[in-house]
Amino acid sequence: MKNQTSFYIILGLIVLAAIGIISKLVSDPGGFIKMIAGMALIVGVIYFLFRRFSQASPSQNHEQRAFKKAAKRSKKRFQTKEQSTPSKRPSIGSLSAARKKRKDTSHLTVIEGKKGKKKNRASF
């Protein structure tokens, strides 16, 4: 229900704006063109100022360039790996060898400690 009410309010504002623009165009076409030109000029100045002051700092440009370069290298490396893979199916014996080869060791390590010792906690 609330969405319908806001829809009708917005629709009414749009209709009133269209009536106002048409009446201004009919009654004073020269003034209408000046008004549109002035609005376009103001929007252009605001756009220019926004673009001028919202540009990234040189350090951000450098980081962006470095990121693009790294992405390009990664993409190139990935494409060469895809192209270098043979198109024929390997035999069963080579599959088991490949599975053993592919297994990477984990980068996590277990830190040995005193697991049996309980912490000395203050009791209240």
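The pLDDT is the predictor's confidence in each residue, on a scale from 0 to 100, and helices (H or I, at least four residues) and strands (E, at least two) are DSSP runs numbered from the N terminus. The structure is a predicted model, in which local features need pLDDT of at least 70 and side-chain atom pairs count only at pLDDT 80 or more, while totals for chains, interfaces and linings use all residues. Residues are numbered from 1 along each chain as its sequence is written, and side-chain values use heavy atoms, with hydrogens and water left out.

The protein averages a pLDDT of 78, and 65% of the residues score at least 70. Its secondary structure consists of four helices and zero strands, which follow the pattern α-α-α-α along the sequence. Among the elements, helix α2 (residues 29-53) has the highest mean pLDDT, 93, whereas helix α4 (residues 92-102) has the lowest, 56. Where pLDDT is low, the predicted coordinates should not be read in detail.

Of the 124 residues in the protein, 2% are buried, meaning under 20% relative accessible area, with exposed meaning over 50% and partly exposed in between (1.4 Å probe, protein chains only). The protein exposes about 13100 Å², of which carbon and sulfur atoms supply 64%, the areas coming from the Shrake-Rupley method with a 1.4 Å probe, and for residues only the protein chains shown count as cover. Tyr8 lies in helix α1 (residues 2-27) and is exposed, with a relative accessible area of 56%.
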